[in-house]
Amino acid sequence: MSFKDIMYSIATFIASVTGVLTFWLNYQKNKRDELRQTLKIVEKDRDYWRKRAIKAEKKLAKEDEK
């Protein structure tokens, strides 16, 4: 093998490793963003139900006073 072939092989290897790493990092970033979005939805839902529970407790307290 000539020097040119060896350098071409090394460059191809580096390019393929870089491509795989880029794909993997983007995949992880997308997964993390998806989890963040889900967490935001869950937090909104939790806040909604907490407010409903407070309203129900107040309503029950008023009925108990009567």
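These notebook entries record what I looked up in the structure.

**Entry 1. The model.** I worked from a predicted model, in which local features need pLDDT of at least 70 and side-chain atom pairs count only at pLDDT 80 or more, while totals for chains, interfaces and linings use all residues. Residues are numbered from 1 along each chain as its sequence is written, and side-chain values use heavy atoms, with hydrogens and water left out.

**Entry 2. Helix H1.** I noted that helix H1 covers residues 3-65 and holds Lys55. Helices are DSSP runs (H or I, at least four residues), numbered from the N terminus.

**Entry 3. A distance.** I looked up Asn26 and Asp45, which are 19 residues apart in sequence and 29 Å apart in space, C-alpha to C-alpha. Asn26 is partly exposed, as its relative accessible area is 41%. Here buried means under 20% relative accessible area, exposed over 50%, and partly exposed in between (1.4 Å probe, protein chains only).

**Entry 4. Salt bridges.** Side chains of opposite charge can pair when their charged atoms come close. I found that the structure holds 4 salt bridges. The term requires a side-chain nitrogen of Lys or Arg within 4 Å of a carboxyl oxygen of Asp or Glu. Which residues are linked in a network of salt bridges? The network consists of Lys29, Asp33 and Arg36.

In the bridge between Lys29 and Asp33, the closest N and O atoms are 3.3 Å apart. Both residues lie in helix H1, 4 residues apart, about one turn of the helix. Asp33 also meets Arg36 in a salt bridge of 3.6 Å, N to O; these two are 3 residues apart in helix H1, again about one turn of the helix. I recorded relative accessibilities of 39% for Lys29, 30% for Asp33 and 48% for Arg36.

I also noted a salt bridge between the side chains of Arg46 and Asp47, at 3.8 Å, N to O. Arg46 counts as partly exposed at 44%, and Asp47 is partly exposed at 30%.

**Entry 5. Aromatic pairs.** How many aromatic pairs does a search of the whole structure find? The search finds 2. Rings of Phe, Tyr and Trp (its six-membered ring) pair if their centres lie within 6.5 Å; planes under 30 degrees apart count as stacked, over 60 as edge-to-face and the rest as tilted. Tyr48 is partly exposed at 40% relative accessibility, and Trp49 is partly exposed at 47%.

**Entry 6. Surface patches.** I looked up a positive surface patch, which is formed by Lys51, Arg52, Lys55, Lys58, Lys62 and Lys66. Patches are made of residues with over 30% relative accessible area and no salt bridge, joining like charges within 9 Å and nonpolar side chains (Val, Leu, Ile, Met, Phe, Trp, Tyr) within 5 Å. Lys and Arg count as positive; the charge is placed at NZ of Lys or CZ of Arg. Lys55 is exposed, with a relative accessible area of 61%.

I then looked up a nonpolar surface patch of about 970 Å², whose members include Met1, Phe3, Ile6 and Leu21. Accessible areas come from the Shrake-Rupley method with a 1.4 Å probe. Phe3 is exposed at 64% relative accessible area.
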